[in-house]
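I opened the model today to look up a few helices and the residues between them. My notes are below, in the order I made them.

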Amino acid sequence: MDHSKSDFTQGSILKKLTLFMIPVLGALIYKRPMERLIYLLLEDLEQQQDFSSFYRKSSFKLDNIVVTQFAMGITVLIARYIGEKKMNSIGALIGGATVVFAIISAIIFVVMIMLASPISTLMQAPKEALGLTATYVRICGAGIFFIVAYNLLSAIFRGLGDSKSPLYLWQLPVLLILLVI
């Protein structure tokens with residue numbers, strides 16, 4: 001595998017960083033319209049208007065709070081090991097991260113499924129939308145394994161210097177959603 005493109009310790013750092021950053025920004029920009037699409041789909045259902053207005057105000061972002069931050073740490077450690085030329089440490093890091101992320105996923109899954117109603121109340125959902133909000137929290141809980149897997153794979157790819165694969169990986173669920181609609 002040619003690491004010359006992803007080796008930020010050699011050559012023009014600005015050029016390599018810019019080429020690395022563009023797909024990362026693309027993935028972030030691409031994510032916003034998909035969140036808006038979910039909101040529009042919910043808003044379109046007249047009976048769920050209370051829920052859709054609540055969703056717009058306070059979308060549930062547990063994945064961003066916990067998972068994304070841990071994933072960023074994995075990215076930094078992989079990049080550090082590559083910079084230090086400790087390639088054999090990367091496998092142990094990825095294995096350990098996979099176990100930790102699986103445990104985190106299982107805990108979040110159980111909490112969100114079992115405590116969906118109390119979580120909805122803590123989120124200050126309107127009484128009219130409490131049932132729908134609890135259902136939404138359960139749906140998010142059921143999807144947490146996919147969110148965590150995406151974040152872990154993206155962290156690994158980015159740590160290895162490949163910022164394009166997470167952008168392509170993000171398009172798979174989008175295509176599935178568009179096929180369902």
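**Entry 1: the model.** I noted before anything else that this model is predicted.

**Entry 2: helix 4.** I looked up the extent of helix 4 and found residues 87-114. I then checked its length. At 1.5 Å a residue, its 28 residues should span 40 Å, and the C-alpha atoms at its ends are 41 Å apart, so the two values agree. I also listed which of its residues are buried: I90, L93, A97, F101, I104, S105, I108 and M112.

**Entry 3: F109.** F109 is a residue of helix 4. For burial the value would have to be under 20%, and for exposure over 50%. Setting aside residues up to four places away in sequence, I found F109 touching G141, A142, I144 and F145. I also looked up F109 and V137, which lie 28 residues apart along the chain; their C-alpha atoms are separated by 10.0 Å.

**Entry 4: helix 4 against helix 6.** Two packed helices are described by the angle between their axes and the distance between the axes. For helix 4 and helix 6 I read an angle of about 160° and axes 8 Å apart. Angles over 145 degrees count as roughly antiparallel, so helix 4 is roughly antiparallel to helix 6. From helix 4, the contact is made by F109, M112 and I113. From helix 6, it is made by V137, R138, C140, G141 and A142. I noted the crossing of these two helices as left-handed.

**Entry 5: the largest nonpolar core.** Which residues touch the most other members of this core? Of its 24 residues, they are I74, I78, F101, I108, M112 and V137. At least two residues of the core come from each of helix 3 (62-83), helix 4, helix 5 (116-122), helix 6 (130-142) and helix 7 (144-159). Helix 4 gives the largest share, seven residues.

**Entry 6: N151.** I found N151 in helix 7. Its relative accessibility is 12%, so N151 counts as buried. Which residues does N151 contact, leaving aside its neighbours within four places in sequence? I wrote down V67, T68 and A71.

Technical notes: Residues are numbered from 1 along each chain as its sequence is written. This is a predicted model: local features need pLDDT of at least 70, side-chain atom pairs count only at pLDDT 80 or more; totals for chains, interfaces and linings use all residues. Side-chain values use heavy atoms; hydrogens and water are left out. Helices (H or I, at least four residues) and strands (E, at least two) are DSSP runs, numbered from the N terminus. Contact means heavy atoms within 4.5 Å. The expected span of a helix is 1.5 Å times one less than its number of residues. Buried means under 20% relative accessible area, exposed over 50%, partly exposed in between (1.4 Å probe, protein chains only). A nonpolar core is a set of buried Ala, Val, Leu, Ile, Met, Phe, Trp, Tyr and Cys residues joined through side-chain atoms within 4.5 Å. Axes are lines fitted to C-alpha atoms, for helices over the stretch in contact, and angles run from 0 to 180 degrees between N-to-C directions. Angles under 35 degrees count as roughly parallel, over 145 as roughly antiparallel, 65 to 115 as roughly perpendicular and the rest as oblique. A crossing is left-handed if the near helix is turned anticlockwise from the far one by less than a right angle, and right-handed if clockwise.
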